[in-house]
Each structure stands twice: as structure tokens, then as C-alpha cells.
Amino acid sequence: MSQIRHEMSNCANDVAAARSQIPINLPGGVFYIGLLGGIGAGKSTVAEEFARLGAAVLAADPLVGQLLETDEIRTILEQKWGSCILDKEGKLDKSQIARLIFASSAAGVEARRFLEELLHPRVAQLLSDEAYRLASEGHRVMVLDVPLLAEVGWHQKCHLLVYVETPPEVCWSRVQGRGWTWSEFLRRQTAQLPPEFKRQLAHVVIDNSGRREGIRDQVASIWRTLIDGATTPR
């Protein structure tokens, strides 16, 4: 297990300089909670627990999936990379795209930057639209479940940053269910800011090394603190 942590530390690097911060317009009068953590840490599970208590969740991954289904994005990516990224039905092959953007090469970095510059502004607009809709319905607490929250600078919009701490070996165990190899896991983790850096940004740390009930109790404790007005986010 210590070897896994060592390899993760060696592979992690500061990728912030390689990314441009993407502006996002969010409505005022809302308390924003941002989730931070590595791949497979369980951020979506934490978001679900906040939602159970009444928060609205702004999740980026479903929006990325929707964008990849559009003719506009398919055409742009096919023009960039050719028909090799299409499946037999002519739709985008997400596994092939992943191989391109997470390749351990300069070409992989360039491909990832191209895709992010294409998708992130669109995701920002969709999240903004959803946030305004939810605010108009009376929601006053929203959770940003965005894998690259700190990388694109949206953590600066949050009043409270929650880091989901999960042992690397547990994260690896979880992503094996997605069919990833160990090297793919490391490449994807390396493409993000190091977990230690994200942890330093957080106001609160949640331990996600145990059962779901433990997560529920920790989220409930944070929620009680918030609604009691005892937390003064920086």
C-alpha cells in the first residue's frame, strides 16, 4: 500500500500552469460547496448526501456526456482527430478519446488541452444556466461536483471547500470497476492537480475510507454546522 502512495506522489505534478481558468457566472444569494478529491475518491457520493439534506447539485460529468452526444462536438472532434474516434454507429468512442487525451506524451497533453478548451466553456454555461434555474426555484445551497474544480478556478466561487480523503489503494480498487488499467489510473490522476494540493485548499476534510454511513454522518455534521451559522468560510 505504501508503494502505491509513493507512485501516486511521484506521478502527481502541478498541471495548473497548463490550463487557463474558465470564467463561470453563478447567481448570488447562494451558498456554494465545492468538492475536491482524487479520481475514485467518492465525491459524487458526498454530493448525494448533501442533496439528501436539501442541497442542489451542479454536476459536470453528466453535462460532458451530453455534449459528447451532440453533432456539433462530434463534427469538431472528427475534423481534429479523424474517424478513428468514431464507433461503428458513427458516434464518438469515448474510450478511444480517453486513449488520445491521456497518452503519456506531448501529443496527449495537446489533445487534452484541445478537448478541455472545447468543452469547459460550454460546461460552464450549462452549469450557470442550471444554477440560475435552481436559484429561481428557491435553492440556497448548491454543491459543485466538478472533477477539475480547482484546475479551472471554480473553487474560488465556493464558500466552503470539502476535500474527500480516500486512500489511493481504495481509489484504485474503485476505478478497476470501470475497466481501467493501473497505468491508465496513474495517467488520469497525473492530469489533475495533486491530491495533496487540493487538500490544502479545503476548509473541511471528509474521511471516505469506510462505509457509506460514515460519509452520511460527516456530511450531516457539516450541514448542521452550516445551518446553525457556526461556520465562517474564508
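Reader: Okay, what do the side chains of E151 and K198 do?

Author: In this predicted model, the side chains of E151 and K198 form a salt bridge, with 3.5 Å from N to O.

Reader: Where do E151 and K198 lie?

Author: E151 is in the loop between strand 3 (141-145) and strand 4 (160-165), while K198 belongs to helix 9 (residues 195-201). The two are 47 residues apart in sequence, so the bridge ties together separate parts of the chain.

Reader: And E151, buried or exposed? What about K198, buried or exposed?

Author: E151 is buried, at a relative accessible area of 2%. K198 is buried too, at 1%. The cut-off for buried is under 20%.

Reader: How many salt bridges are there in the whole structure?

Author: A search of the whole structure turns up 14 salt bridges.

Reader: Give me another. Which residue does E49 form a salt bridge with?

Author: With R212: the closest N and O atoms of that pair are 2.8 Å apart. This one links distant parts of the chain, since E49 is in helix 2 (residues 43-52) and R212 is in helix 10 (residues 212-227), 163 residues apart.

Reader: So is E49 buried or exposed? And how does R212 count?

Author: E49 is buried, with 1% relative accessible area. R212 counts as partly exposed because its relative accessibility is 35%, and that class covers values between 20% and 50%.

Reader: Which residues are linked with E49 and R212 in a network of salt bridges?

Author: E48, R52 and R216 are in that network along with E49 and R212.

Reader: What about E184 and R188, where do they lie?

Author: Both lie in helix 8 (residues 182-190), four residues apart, which is about one turn of the helix. E184 and R188 are both buried.

Reader: Nice. Switching to the fold: how many helices and strands does the chain have?

Author: It has 10 helices and five strands.

Reader: And what's the strand order in the sheet?

Author: The sheet is open, has five strands, and runs in the order 2-3-1-4-5 with parallel pairing. Strand 2 (56-59) and strand 5 (204-207) stand at the edges with a single partner strand each, so one side of each has no neighbour in the sheet. On average, neighbouring strands are turned by 25° against each other, ignoring direction.

Reader: What packs on the sheet?

Author: Helix 2 does, touching strand 1 (31-36), strand 2, strand 3, strand 4 and strand 5. Its direction makes about 155° with that of strand 1. Helix 6 (residues 106-136) lies across strand 2 and strand 3, at about 170° to strand 2.

Reader: Let's stay on strand 1. How many of its residues are buried?

Author: Five of the six, so strand 1 is largely enclosed by the rest of the structure.

Reader: How many bridges join strand 1 to strand 3, and how many join strand 1 to strand 4?

Author: Strand 1 pairs with strand 3 over four bridges, in the parallel sense. Four bridges also join strand 1 to strand 4, again running parallel. For the strand 3 pairing, G34 has L144 as a bridge partner; for the strand 4 pairing, L35 has V162.

Reader: And which residue is V162's bridge partner in strand 5?

Author: That's V204. Strand 4 and strand 5 run parallel and are joined by four bridges.

Reader: Back to helices. At what angle do helix 5 and helix 6 pack?

Author: Helix 5 (residues 94-101) and helix 6 pack at about 125°, with their axes 7 Å apart. The two helices are therefore oblique to each other.

Reader: Which residues make the contact?

Author: From helix 5 there are I97, L100 and I101, and from helix 6 there are G108, A111, R112 and L115. The set divides into five nonpolar, one polar and one charged.

Reader: Last bit, the whole chain. What percentage of the residues is buried?

Author: Of the 234 residues in the protein chain, 46% are buried. For contacts with a separation of 6 or more, residues 24 or more positions apart account for 78%.

How values were computed:
Residues are numbered from 1 along each chain as its sequence is written. This is a predicted model: local features need pLDDT of at least 70, side-chain atom pairs count only at pLDDT 80 or more; totals for chains, interfaces and linings use all residues. Side-chain values use heavy atoms; hydrogens and water are left out. A salt bridge is a side-chain nitrogen of Lys or Arg within 4 Å of a carboxyl oxygen of Asp or Glu. Buried means under 20% relative accessible area, exposed over 50%, partly exposed in between (1.4 Å probe, protein chains only). Two strands pair if DSSP finds at least two bridges between them. Axes are lines fitted to C-alpha atoms, for helices over the stretch in contact, and angles run from 0 to 180 degrees between N-to-C directions. Contact means heavy atoms within 4.5 Å. Angles under 35 degrees count as roughly parallel, over 145 as roughly antiparallel, 65 to 115 as roughly perpendicular and the rest as oblique. Ala, Val, Leu, Ile, Met, Phe, Trp, Tyr, Cys and Pro count as nonpolar, Asp, Glu, Lys and Arg as charged, and the others, Gly among them, as polar.
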